[in-house]
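The stops below are meant to be followed in order.

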Amino acid sequence: TQSSPSRPLSRTLRYLAPNAVTSLSLLCSVMAVQASLRGQIVEGCWWIAYSTLTDKLDGYVARKLNASSPLGVQMDSLADLLNYGFCPAAIAYGFFHTHAELGWSSGLGGIALSLICAAYTLCAALRLARFNVSAGNPDFFFGIPTTFSGGFQSMAMVTLCKYGDPAWTHGQTYPGWRMLGDVRLDTVAHYYPLLLLLFGYFMVSSWRMPKFGKLKVRWLNTTMIALLVIGYILAVLQLAPEFLICGGLLYMFVATLAHFLWTPKESPEPFFPA
């Protein structure tokens, strides 16, 4: 039989580059879980923040090298599920299960925590599966992207720990300034699992969330892109998670305006055929 022609090395390396970046995203999820198992909740959350950088970078590399492939698409989706679906839920479960004073470690609270974390991960899986098989829209997403949801959840956890009981994260530090001063969020932390549940719903909702740079108001586009760049820099330096939360809330407010005022009244494709 005639052997197939060998693939040029340059072509192999071209397709390898974006997949290598996606592999870094997968490694971020591994490091996040390992850190949380050691009890280093804050470090685990920052690994999720790092993965948001590699998540953007692999797509950029693939476009620049014209090296998109079905394998890369599937690897990217799996990385997103781990980083933004599984890791936030696993970290939240580990944190609240080991802090009985927050009311989620036993009894009905423990059962609810297990169900909420499972529901969040399932919602992320549904969101990614729908995105993979839908035609989509070039200007907006249907439902909150898993990247945004996972990044927001991880920074919310770091913020709660930073302004909560120091005993929760004994030995872990928070470099940089404290934008909220001496505010304590001990009581607010009790409601974090409900935020996790809410964002699970947002991911599978029909909410039209505009993509960065696609808003119809130019100055808002510039503002949101600037905040995004600042957020990436702060994430790399592990600084000011509370600033990242404020930026995320602002973007959700803008997305709400876009949903009602600036986007066509379209609905996503159904999860299951009619």
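Is Phe148 buried or exposed, and what is its relative accessible area? The model is predicted. Select Phe148: its relative accessible area is 18%, and the cut-off for buried is under 20%, so Phe148 counts as buried.

An α-helix has 3.6 residues a turn, so residues three or four places apart point the same way.

Now show the two rings. Phe148 and Phe152 make a stacked aromatic pair, with 6.1 Å from centre to centre and 25° between the planes.

Next, select Phe140 and Phe142. Both are buried. The model has 12 aromatic pairs. In the pair made by Phe140 and Phe142, the ring centres are 5.3 Å apart and the planes meet at 90°, so this pair is edge-to-face.

Move to Phe141 and show Lys211 with it. The charged end of Lys211 sits over the Phe141 ring, 5.0 Å from the ring centre.

Finish at helix H2, residues 41–65. This helix has 25 residues and spans 37 Å between its first and last C-alpha, close to the 36 Å expected at 1.5 Å a residue. Step just past H2 to Asn66, where phi is positive, at about 50°.

Notes:
Residues numbered from 1 in each chain as written. Predicted model: local features only at pLDDT ≥ 70, side-chain atom pairs only at ≥ 80, totals over all residues. Heavy atoms only, no water. Helix = DSSP H or I, 4+ residues; strand = E, 2+ residues; numbered from the N terminus. Expected span 1.5 Å × (residues − 1). Phe/Tyr/Trp six-rings, centres within 6.5 Å; stacked < 30°, edge-to-face > 60°. Buried < 20%, exposed > 50% of the residue type's maximum accessible area, 1.4 Å probe, protein only. Lys NZ or Arg CZ within 6 Å of the ring centre and 35° of its normal.
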